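Hello,

Here is the structure I promised to pass on to you. My notes on it follow below.

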Amino acid sequence: QVQLVESGGGLVQAGGSLRLSCAASGRTFSGYVMGWFRQAPGKEREFVAAIRWSGASTYYADFVKGRFTISRDNAKNTVYLQMNSLKPEDTAVYYCATRRVAIMQYDSWGQGTQVTVSS
């Protein structure tokens, strides 16, 4: 059974930084994509960034390009989201998720970690 556990959320002032971690277990993730999503109160969940578990391909939503960086540590089975220049509108619960490369739907999700950016 796949388990995804997020950590690293918290309260930060606008302009600050946070690094989220997603520890993955329960399968071999080669051939999978790891993604970060977020959901703000009253809004739909939205895609933030993704990375292939093998290779160097990364993908970002336009609103985080240049501010957020997704990376992974295969030895630790952990994916990171480095968030810089945070804005109040980045406030949300951040989730990590995984899917097969060939299938667009994410099939496993973590519980989420709260990120709050104060102005």
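**The disulfide and its surroundings**

Cysteine 22 is buried, its relative accessible area being 0% (buried means under 20%, exposed over 50%, partly exposed in between, with a 1.4 Å probe and protein chains only). Please keep in mind that this is a predicted model: local features need pLDDT of at least 70, side-chain atom pairs count only at pLDDT 80 or more, and totals for chains, interfaces and linings use all residues. Residues are numbered from 1 along each chain as its sequence is written, and side-chain values use heavy atoms, with hydrogens and water left out.

Cysteine 22 forms a disulfide with cysteine 96, the sulfur atoms lying 2.0 Å apart (the cut-off is a pair of cysteine sulfur atoms within 2.5 Å). The pair links distant parts of the chain, 74 residues apart: cysteine 22 sits in strand S3 (residues 18-25) and cysteine 96 in strand S9. Strands here are DSSP runs of E with at least two residues, and helices are runs of H or I with at least four, numbered from the N terminus. The torsion about the S-S bond is about 60°, so the disulfide is right-handed. Cysteine 96 is buried too, at 1% relative accessible area.

Leaving aside neighbours within four places in sequence, threonine 91 is in contact with Ala40, Gln114, Val115, Thr116 and Val117 (contact means heavy atoms within 4.5 Å).

As for the whole chain, it has zero helices and eleven strands, and 42% of its 119 residues count as buried.

Best wishes
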